[in-house]
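Visitor: I have a model open and some quick questions. Can you walk me through it?

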Amino acid sequence: MKKKIWEAAVMVLLVLSVTLNLILLCFCLGLKKQNTQLSGEISAIPQQVDASLQTALARIDALQNESQSITSYFSIDFGALEKGMADTKVRFALKEMAAGSTVHVGWYDGEKEQTQEARPAENGFFEADLTIPVTCRNGTISLIYNDGNTDTVEIPEPNLDVFSHYLIQWNAYGDLGWHRTGGSLETTFTANAEISSTGPDSNKGSRAMLYLYRNEELLEKTLLFENAYGYSNNGSCLETTFTPEDSDILSLRLVITDTLGYTYEKTLDQLLIPDKGAVPEFDPSFDRAGGMRIIPPED
């Protein structure tokens, strides 16, 4: 009897011990989870403080620039295109203007520049008309205010992009391939092109042609697309077979016209023929990364 009571007591103690251990384990796991969360929150505090500080500093800079600005309003409107030049109207309002003072509007892109005296407009605004090349991608508009003695210069537009308002950015790649059969000198040349574009909704590629020239003689041409906002193709676009001569130069050229009448031209690839029996070589003088030539319409 005593033995059974003893065994029962031992069993109860064992169960209580296991239960207590489980309770302690759960408690420890809870503490560990809380500690992990607390550590994460503490670690995030410096980042939050830094972000808040950067935001505050940016706001202070903006307020300082605003307080130092001579203008209370500034805008740029783009008009008609003529012979590669964009009519650009600058409109602004000054915070104050002393009697006898003048203000000029200047444009500069690193190479060319233009300055016009601003004229008074309605409701206290000023305006100036500039003609800026449509190919301008990173120009600067500045205001030069003279109170009769001192010039104050403000740059309200440091990154003027005229190009993207009118024209299309074409990204084009292409290459020339070749093969011979049966030991013949007659060679088959094939070409492919891959083209993509970004641009305003008001403009698109009206026609794209791919040309293969032997020296300056046209060998083959093909139509790539018409009336499209973009194009992509990595298959063979054209093919021609002939016997090359010594020092021949093969050029693969892309010509695209847009709905505004502008033409985009680029040589995509260029091969040299050292002699008619040799393997065609890539022309080392050719700049594959070169940009497109943009030609305005003649009218």
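Visitor: Is aspartate 129 buried, partly exposed or exposed?
Guide: Aspartate 129 counts as partly exposed, because its relative accessibility is 38%. Buried means under 20% relative accessible area, exposed over 50%, and partly exposed in between (1.4 Å probe, protein chains only). This is a predicted model: local features need pLDDT of at least 70 and side-chain atom pairs count only at pLDDT 80 or more, while totals for chains, interfaces and linings use all residues. Residues are numbered from 1 along each chain as its sequence is written, and side-chain values use heavy atoms, with hydrogens and water left out.

Visitor: Which residue forms a salt bridge with aspartate 129?
Guide: Arginine 119, with the closest N and O atoms 3.0 Å apart. Aspartate 129 lies in strand β6 and arginine 119 in strand β5, so the pair ties together parts ten residues apart in sequence. A salt bridge here is a side-chain nitrogen of Lys or Arg within 4 Å of a carboxyl oxygen of Asp or Glu. Strands (E, at least two residues) and helices (H or I, at least four) are DSSP runs, numbered from the N terminus.

Visitor: How many salt bridges are in the whole structure?
Guide: A search finds ten. One of them joins the side chains of arginine 91 and glutamate 127, at 2.6 Å, N to O. Arginine 91 is in strand β2 and glutamate 127 in strand β6 (residues 126–133), so this pair ties together parts 36 residues apart in sequence. Arginine 91 and glutamate 127 are both buried.

Visitor: What about arginine 214?
Guide: Arginine 214 forms a salt bridge with aspartate 248, closest N and O atoms 2.9 Å apart. Both are buried.

Visitor: Switching to sheets. What is the order of the open sheet of four strands?
Guide: β1-β2-β6-β5, with antiparallel pairing. The edge strands are β1 (71–82) and β5 (119–120), each pairing on one side only. Two strands pair if DSSP finds at least two bridges between them.

Visitor: How many bridges join β1 to β2?
Guide: Nine. In β2, phenylalanine 92 is the bridge partner of phenylalanine 74.

Visitor: Where else does phenylalanine 92 turn up?
Guide: In the largest nonpolar core, which has 49 residues. Phe92, Val105 and Leu210 have the most contacts inside that core. A nonpolar core is a set of buried Ala, Val, Leu, Ile, Met, Phe, Trp, Tyr and Cys residues joined through side-chain atoms within 4.5 Å.
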